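These are my notebook entries on a single structure. I set down what I looked up, topic by topic.

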Amino acid sequence: MTTPDFIVVGSGSAGSVLARRLHDAGAGTVLVLEAGGAHEEIHAVHDPTLWPTLWGTDVDYGYRTVPQPHTAGRVHDWQ
Ligand SMILES: Cc1cc2nc3c(=O)[nH]c(=O)nc-3n(C[C@H](O)[C@H](O)[C@H](O)COP(=O)(O)OP(=O)(O)OC[C@H]3O[C@@H](n4cnc5c(N)ncnc54)[C@H](O)[C@@H]3O)c2cc1C
C-alpha cells in the first residue's frame, strides 16, 4: 500500500466534496476515512423528518456544546 498524499477524515458534506475536488484536480492520491456506516436497516436515517428520533441512539455521536453564555449557560445538543 502506498502512502496517500491526502487523508480526508469524514466523508460527509465537506469531506466528500474535498476528496472529489482533490481527485479531479489531480492533486495526488486521496484516502478517505469514514467512521459511519450505511445503516440501511435504520429507517429513520433515510427519512429526514424522523431525525429527532435518532437522538441518543447508537447513530448519534452525542456531541454537546460547552455552556453557552448567551442562552443562560445552557448546554445544547450539537448535530
Ligand atoms: C437532520 C438534519 C437535517 C439537515 N438538513 C439540512 C438541509 O436541508 N440543508 C442544509 O444545507 N443543511 C442541512 N443540515 C445540516 C448539514 O447536514 C450540515 O451542516 C453538514 O452536513 C455539515 O457538513 P460537515 O461535512 O461539516 O459534517 P458532516 O456532513 O456531519 O460529516 C462529518 C462526517 O465525519 C464522520 N466522522 C466523524 N468523526 C469521524 C472520525 N473520527 N473518523 C472518521 N469519520 C468521522 C461522520 O460520520 C460524518 O460522515 C441538516 C442537518 C441535520 C442533522
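**Entry 1: Domains and basis of the model**

I looked up the domain assignment first, and it gives domain 1 (1-35) and domain 2 (40-79); such bounds come from an automatic or database domain assignment. The C-alpha centres of domain 1 and domain 2 are 27 Å apart.

I note that this is a predicted model, in which local features need pLDDT of at least 70 and side-chain atom pairs count only at pLDDT 80 or more, while totals for chains, interfaces and linings use all residues. Residues are numbered from 1 along each chain as its sequence is written, and side-chain values use heavy atoms, with hydrogens and water left out.

**Entry 2: Fold and overall dimensions**

I recorded one helix and two strands in the protein, with helices (H or I, at least four residues) and strands (E, at least two) taken as DSSP runs numbered from the N terminus. Along the sequence their pattern reads β-α-β.

I then checked the overall dimensions. The radius of gyration of the protein is 17 Å, whereas a compact globule of 79 residues would have one near 12 Å; the value is taken over C-alpha atoms, and the globule rule is 2.2 Å times the number of residues to the power 0.38. Along the principal axes, the C-alpha atoms fill a box of roughly 50 × 35 × 20 Å. I find that 9% of the 79 residues count as buried, where buried means under 20% relative accessible area, exposed over 50%, and partly exposed in between (1.4 Å probe, protein chains only).

**Entry 3: The ligand**

Which residues are around the ligand? I listed V9, G10, G12, S13, A14, L33, E34, A35, G36, W51 and Y61, a residue being near if one of its heavy atoms lies within 4 Å of the molecule. This shell divides into six nonpolar, four polar and one charged. In that count Ala, Val, Leu, Ile, Met, Phe, Trp, Tyr, Cys and Pro are nonpolar, Asp, Glu, Lys and Arg are charged, and the others, Gly among them, are polar.

I next looked for polar contacts, that is, pairs of N or O atoms within 3.5 Å. A polar side-chain atom of E34 is 2.6 Å from an oxygen atom of the ligand. For Y61 the corresponding distance to a ligand oxygen is 2.7 Å, and for S13 it is 2.9 Å. The ligand taken alone exposes 1000 Å², of which the protein buries 38%; these areas come from the Shrake-Rupley method with a 1.4 Å probe.

**Entry 4: Positive phi values**

I looked up backbone angles after β2. Most residues other than glycine have a negative phi. H39, in the segment after β2, has a phi near 50°, a positive value in a residue other than glycine. Its relative accessible area is 29%, so H39 is partly exposed. A72 is also placed in the segment after β2, and its phi is near 60°, again positive in a residue other than glycine. With a relative accessible area of 68%, A72 is exposed.

Is V75 buried or partly exposed? V75 counts as partly exposed because its relative accessibility is 36%. V75 lies in the segment after β2 (30-33). Its C-alpha is 5.5 Å from that of T65, ten residues away in sequence.

W78 is likewise in the segment after β2. It has 56% relative accessibility and therefore counts as exposed. W78 and Y61 are 17 residues apart in sequence, with 9.0 Å between their C-alpha atoms; Y61 is also one of the residues around the ligand.

Terms used:
A polar contact is a pair of N or O atoms within 3.5 Å; within protein, one must be able to donate a hydrogen and the other to accept it, and residues adjacent in sequence count only if both atoms are side-chain atoms.
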